[in-house]
Amino acid sequence: MAEVSPLKVKVIMKTRKDLCDWIVEALKDLNGSAQIIKVKEHIWQHHGQELRDSGNLHFTWNEDVFWAATQLRAKGVLKKGKDTSKSVWALV
């Protein structure tokens, strides 16, 4: 009898670009504005497994999230730092 190979599950690796979407998702769930730590907690609670499955991103996401916020500010999605408290991110 032939051996049956186990199903291969394709894991889609996330990148720091995905953090942009996750920041927006978190802020929408948190009424449009929140302390950065709350945004990061939300991301971990909702996307922790995806982060764990994404190689180096699992180890760098806590810093990469700031890169993502900078990208969102440049696109006009997040308020500029001067328009919010230092520890708060807010949607425009």
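Predicted model: local features only at pLDDT ≥ 70, side-chain atom pairs only at ≥ 80, totals over all residues.
Local features were considered at pLDDT of at least 70 and side-chain atom pairs at pLDDT 80 or more, whereas totals for chains, interfaces and linings use all residues. Residues are numbered from 1 along each chain as its sequence is written, and side-chain values use heavy atoms, with hydrogens and water left out.

In soluble globular proteins, nonpolar side chains tend to be buried together. A nonpolar core is taken here as a set of buried Ala, Val, Leu, Ile, Met, Phe, Trp, Tyr and Cys residues joined through side-chain atoms within 4.5 Å; buried denotes under 20% relative accessible area, exposed over 50%, and partly exposed the range in between (1.4 Å probe, protein chains only). The largest such core comprises 21 residues, and those with the most contacts inside it are Leu 19, Ile 23, Leu 27, Val 39, Ile 43, Leu 78 and Trp 89. Two or more residues are contributed by each of helix H1 (16-29), helix H2 (36-52) and helix H3 (57-74), where helices (H or I, at least four residues) and strands (E, at least two) are DSSP runs numbered from the N terminus. H1 gives the most, with 7 residues. Contacts (heavy atoms within 4.5 Å) of Val 39 include Ile 23, Ala 26, Leu 27, Leu 30, Ala 34 and Trp 89, not counting residues up to four places away in sequence.

Rings of Phe, Tyr and Trp (its six-membered ring) were paired if their centres lie within 6.5 Å, with planes under 30 degrees apart classed as stacked, over 60 as edge-to-face and the rest as tilted. Trp 44 belongs to helix H2 and Trp 61 to helix H3, 17 residues apart. Trp 44 is partly exposed, at 34% relative accessibility, whereas Trp 61 is buried, at 5%. Phe 66 and Trp 89 form an edge-to-face pair, with 5.6 Å between centres and 70 degrees between planes. This pair links helix H3 to strand E2 (residues 88-90) across 23 residues. Phe 66 is partly exposed at 38% relative accessibility, while Trp 89 is buried at 3%.

In the loop between H2 and H3, Ser 54 is buried, with a relative accessible area of 4%. Ser 54 touches Ile 12, Met 13 and Lys 14, not counting residues up to four places away in sequence.
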